[in-house]
Amino acid sequence: MKKYLLLIEDEKIWGEFKKLIDKDINTEIISLIKDKIEMEKKDGK
């Protein structure tokens with residue numbers, strides 16, 4: 001499995017993201033990527 005590096009320069013946005021995550025950070029990033037892919041598939045139809 002490839003690893004992804006999440007870069008967030010805005011500390012306020014990072015703080016909000018950390019509050020929202022339920023699982024570990026890697027699982028949350030993978031979930032966001034999957035959601036984005038699904039949205040693009042729906043928009044492409």
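**Helices, salt bridges and a buried glutamate**

Trainee: How many residues apart are Glu-16 and Lys-19 in helix H1?

Mentor: This is a predicted model. Helix H1 covers residues 11–20 and holds both Glu-16 and Lys-19.

Trainee: What is the N to O distance in the salt bridge of Glu-16 and Lys-19?

Mentor: The side chains of Glu-16 and Lys-19 meet in a salt bridge, N to O, at 3.6 Å.

Trainee: How many salt bridges does the structure hold?

Mentor: One of them joins Glu-16 and Lys-19. Another joins Glu-40 and Lys-36. Lys-41 also forms one with Glu-38. The structure's count is three.

Trainee: Which helix holds both Glu-40 and Lys-36?

Mentor: Their side chains meet in a salt bridge at 3.8 Å, N to O. Glu-40 is partly exposed at 47% relative accessibility, and Lys-36 is partly exposed at 46%. The two are four residues apart, about one turn, in helix H2.

Trainee: How far apart are the closest N and O atoms of Lys-41 and Glu-38?

Mentor: Both residues lie in helix H2, three residues apart, about one turn of the helix. Glu-38 is partly exposed, with 41% relative accessibility. The cut-off for a salt bridge is 4 Å. Lys-41 and Glu-38 form one, and their closest N and O atoms are separated by 3.9 Å.

Trainee: Is Glu-28 buried or exposed?

Mentor: Glu-28 is in helix H2, which spans residues 25–44. The cut-off for buried is under 20% relative accessible area. Glu-28 has 13%, so Glu-28 is buried.

Trainee: Which residues are in contact with Glu-28, leaving aside its neighbours within four places in sequence?

Mentor: Start from the burial of Glu-28, at 13% relative accessible area. With the neighbours within four places in sequence set aside, the contacts of Glu-28 are Phe-17, Ile-21, Asp-22 and Lys-23.

Trainee: Where does Asp-10 lie?

Mentor: Asp-10 is partly exposed, at 38% relative accessibility. Asp-10 is placed in the segment before H1.

Trainee: The side chain of Asp-10 reaches which backbone nitrogen at 3.2 Å?

Mentor: A polar atom of the Asp-10 side chain lies 2.8 Å from the backbone nitrogen of Lys-12. At 3.2 Å, the Asp-10 side chain reaches the backbone nitrogen of Ile-13.

Trainee: What percentage of the residues in the chain is buried?

Mentor: The chain has two helices and zero strands. Glu-28 is one of the buried residues. Of the 45 residues in the chain, the buried share is 7%.

How values were computed:
Residues are numbered from 1 along each chain as its sequence is written. This is a predicted model: local features need pLDDT of at least 70, side-chain atom pairs count only at pLDDT 80 or more; totals for chains, interfaces and linings use all residues. Side-chain values use heavy atoms; hydrogens and water are left out. Buried means under 20% relative accessible area, exposed over 50%, partly exposed in between (1.4 Å probe, protein chains only). Contact means heavy atoms within 4.5 Å. A polar contact is a pair of N or O atoms within 3.5 Å; within protein, one must be able to donate a hydrogen and the other to accept it, and residues adjacent in sequence count only if both atoms are side-chain atoms.
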